[in-house]
Amino acid sequence: MPELHRSLLDLVSVMNRPERDVELLEMAGLALERALFPLLVLIERLGPIGVVDLAGRVGRDYTTVSRQVARLEELGLVSRRASAADRRMREAVITPSGKKATDALDAARERMALSLFKEWSQHDFDELVRLMRKLADAMTAMPGTPD
């Protein structure tokens, strides 16, 4: 278990490096504040999504995330609307411009990954994907984890 934990910490550390985010944004051709793009991606992947849920998923304060979502709305990348489940709640949803931006991020991320995995066999890569999905699903199913 300690080796698994160290590996996860190493992965999280690499994924959270500001330089990596800057490089990804540059490769995608986006002039977007670094703190905003993870929110944009989550809104595209999980939206429509409420700000409280979004804040919990990124480990930030609700008021900070609310301001950041407002900024994404100003940029025309997301819009906010009343929730279908509870009209008192507002949720963020991707706009066509936001989808174009996340598509550019996905393409840049894929170029990075192709370089990273160029020496891997297809079998090893497929096994990694399968096992990562299994781990993510198990962790998501743990009590206290957002859906």
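Is Q68 buried or exposed at 13% relative accessibility? Let us start there, keeping in mind that this is a predicted model.

**View 1. Q68 sits in helix α5, which spans residues 62-74.** With a relative accessibility of 13%, Q68 counts as buried, because buried means under 20% relative accessible area. Leaving aside residues up to four places away in sequence, Q68 touches A35, L36, L39 and R60. One of these, L39, turns up again in the next view as part of the contact between α3 and α5.

**View 2. Helices α3 and α5 pack with their axes 10 Å apart.** The angle between the two is about 80°, which makes α3 roughly perpendicular to α5. From α3 come L39, L40 and I43, and they meet V65, Q68, V69 and L72 of α5. Sorted by class, this contact has six nonpolar residues, one polar residue and no charged ones.

**View 3. Helix α3 also packs against helix α6, which covers residues 96-116.** Here the axes are 10 Å apart and the angle is about 105°, so α3 and α6 are roughly perpendicular to each other. On the α3 side you will find F37, L40, V41, E44 and R45. Their partners in α6 are G98, K99, A101, T102, L105, D106 and R109. The residues of this contact divide into five nonpolar, two polar and five charged. Look out for L40, which is listed in the contact with α6 and also in the one with α5.

**View 4. A cis peptide bond joins G47 and P48.** Its omega is about 0°. Most peptide bonds are trans, so this one is worth a look. P48 belongs to the loop that links α3 (37-46) and β1 (49-50).

**View 5. Three strands form an open sheet in the order β1-β3-β2.** The pairing is antiparallel. Strands β1 and β2 (78-82) are the edges, each pairing on one side only. Five bridges join β2 to β3, the strand of residues 90-94. To find your bearings along this pair, look for V78, which stands opposite I94 in β3.

**View 6. Helix α3 lies across the strands β1, β2 and β3.** The helix runs at about 95° to β3. This brings the views together around α3, which packs against α5 and α6 and also lies across the sheet strands.

Definitions and conventions. Residues are numbered from 1 along each chain as its sequence is written. This is a predicted model: local features need pLDDT of at least 70, side-chain atom pairs count only at pLDDT 80 or more; totals for chains, interfaces and linings use all residues. Side-chain values use heavy atoms; hydrogens and water are left out. Helices (H or I, at least four residues) and strands (E, at least two) are DSSP runs, numbered from the N terminus. Buried means under 20% relative accessible area, exposed over 50%, partly exposed in between (1.4 Å probe, protein chains only). Contact means heavy atoms within 4.5 Å. Axes are lines fitted to C-alpha atoms, for helices over the stretch in contact, and angles run from 0 to 180 degrees between N-to-C directions. Angles under 35 degrees count as roughly parallel, over 145 as roughly antiparallel, 65 to 115 as roughly perpendicular and the rest as oblique. Ala, Val, Leu, Ile, Met, Phe, Trp, Tyr, Cys and Pro count as nonpolar, Asp, Glu, Lys and Arg as charged, and the others, Gly among them, as polar. Two strands pair if DSSP finds at least two bridges between them.
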